[in-house]
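Colleague: I have a model open and would like to go through it with you. Can we start with the charged pairs and then move on?

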Amino acid sequence: MQVLRGIIAASRPVSWVNTAVPFALTYALSQGEFSAVLVAGFVFFLIPYNIAMYGINDVFDYESDIRNPRKGGVEGAVLPKTMHRPLLIASAATMLPFTLYLFAAGTWASGVALALALFAVVAYSAPPFRFKEVPVLDSLTSSAHFTLPAVVGALIGGARVDGRMALALTAFFLWGMASHALGAVQDVLSDRAGGLRSVATELGARRATRLACILYGTAAVLCFFLPGPGWVVGLLGAGYVVNTVRFWNVTDETSADVNRAWRVFLWLNYVTGGVVTISVLTQLHELGV
């Protein structure tokens, strides 16, 4: 039970919805039905995917995490080295049956998207790739962790990504890049102490925070071009800008203060995600699904 609790803690339960709900929503919009594929994909992107994504990250970021004062709670567990092997085994064991099923149940296009998602999960943290230490590529890869499940959901039933879906996915991708940059800012000092590079250590806390503001703002503007309740999502997206712009003049020395914005960010995700979910369900109801 202690090992199980450690594995669950490492998977960041507070962030599970950020990967599972995008898959479910795009699947529902593209297929308009409830199916075994929807259930399997939702469960996969809810738990096993996050065990692997964050678990692999925690194993290979251990030296930085033990120097990071915000680690050890909802923002990331710091497991002893004796837990690293069980964590990696759990990542592989829980992922395998779901990925085989989703590959078999999907199309070649959804298979490519799923393969890219799995590659991004590993390549972000594990050597020899370690994309998280390549500034800008780290933000791109991190955003792919959240956007690719949505792409899989849109494609797995054989549907195509139309213009509106592409616009929504683009906004979501920019949101992901902004969120990674914002998260990296608060870890500037601990990452440097651990010898790690990131978009924030490269640009500096101030420029990385301003980049996050711009990306959040662009994502919010794009939502206003979406049909139906897109403008509501755009307004909520502006909340991310307001939350981040408070630290427009942050310095490397005060970068840890950005954790206040990060904690608000976690709550914003639930509010925004709830509104998006209700909007999609309402749209499906109006279509008679």
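Modeller: What follows is a walk through a predicted model, topic by topic.

Colleague: How many salt bridges does a search of the whole structure find?

Modeller: The search gives five salt bridges. One of them joins the side chains of D58 and R12, at 2.9 Å from N to O.

Colleague: Where do D58 and R12 sit in the chain?

Modeller: D58 is in helix 4, residues 48-60. R12 is in the loop between helix 1 (2-10) and helix 2 (17-31). The two are 46 residues apart, so the pair links distant parts of the chain.

Colleague: Is that pair buried or exposed?

Modeller: Both residues are buried. D58 has a relative accessible area of 6%, and R12 has 5%. The two values count as buried because the cut-off is under 20%.

Colleague: What does D252 pair with?

Modeller: D252 forms a salt bridge with R192, and their closest N and O atoms are 2.8 Å apart.

Colleague: Which residue does E202 meet in a salt bridge?

Modeller: R197, with an N to O distance of 3.1 Å. E202 is partly exposed with a relative accessible area of 44%, and R197 is partly exposed as well, at 41%.

Colleague: Changing topic. Which helix holds G234, and what does G234 touch?

Modeller: G234 lies in helix 13. Leaving aside residues up to four places away in sequence, G234 touches A220, C223 and F224. G234 is buried, at 1% relative accessibility.

Colleague: How far is G234 from L169?

Modeller: Their C-alpha atoms are separated by 14 Å, and the two residues are 65 residues apart along the chain.

Colleague: F224 came up there. Which nonpolar patch is F224 part of?

Modeller: A surface patch made of V221, F224, F225, W231 and L235. Together these residues have about 570 Å² of accessible area. L235, like G234, is found in helix 13.

Colleague: Which residues does the UniProt record annotate as "transmembrane region"?

Modeller: The entry, which is unreviewed, gives residues 34-56, 100-124, 165-185, 213-241 and 261-281.

Colleague: What does the model show over residues 100-124 and 261-281?

Modeller: Residues 100-124 are 92% helix and 0% strand, with the end C-alpha atoms 22 Å apart. Residues 261-281 are 100% helix and 0% strand, and there the end C-alpha atoms are 30 Å apart.

Colleague: F34 is in one of those annotated ranges. Where does F34 lie in the model, and is F34 buried or exposed?

Modeller: F34 lies in the loop between helix 2 and helix 3 (36-46). F34 is exposed, at 68% relative accessibility. From F34 to A24 the C-alpha distance is 9.8 Å, and they are 10 residues apart in sequence.

Colleague: What about domains? Where are the bounds?

Modeller: The domain assignment gives domain 1 as 1-160 and domain 2 as 162-288. Their centres, taken over C-alpha atoms, are separated by 19 Å.

Colleague: How many residues of each domain are in contact?

Modeller: 34 residues of domain 1 are in contact with 32 residues of domain 2.

Colleague: Last topic, backbone geometry. Which residues are joined by a cis peptide bond?

Modeller: P127 and P128, with omega about 10 degrees. P128 lies in the loop between helix 7 (108-125) and helix 8 (137-155).

Colleague: Which residues other than glycine have a positive phi?

Modeller: R130 and V136 are among them. Phi of R130 is near 50 degrees, and phi of V136 is about 80 degrees. Both lie in the loop between helix 7 and helix 8.

Colleague: Why mention these at all?

Modeller: Because most residues other than glycine have a negative phi, and most peptide bonds are trans.

Technical notes
Residues numbered from 1 in each chain as written. Predicted model: local features only at pLDDT ≥ 70, side-chain atom pairs only at ≥ 80, totals over all residues. Heavy atoms only, no water. Salt bridge = Lys/Arg side-chain N within 4 Å of Asp/Glu carboxyl O. Helix = DSSP H or I, 4+ residues; strand = E, 2+ residues; numbered from the N terminus. Buried < 20%, exposed > 50% of the residue type's maximum accessible area, 1.4 Å probe, protein only. Contact = heavy atoms within 4.5 Å. Patch = residues over 30% accessible without salt bridge, like charges linked within 9 Å, V, L, I, M, F, W, Y side chains within 5 Å. Areas by Shrake-Rupley, 256 points an atom, 1.4 Å probe, with all protein chains shown as cover. UniProt positions renumbered as here; feature names shortened; annotations may be inferred. Domains from an automatic or database assignment.
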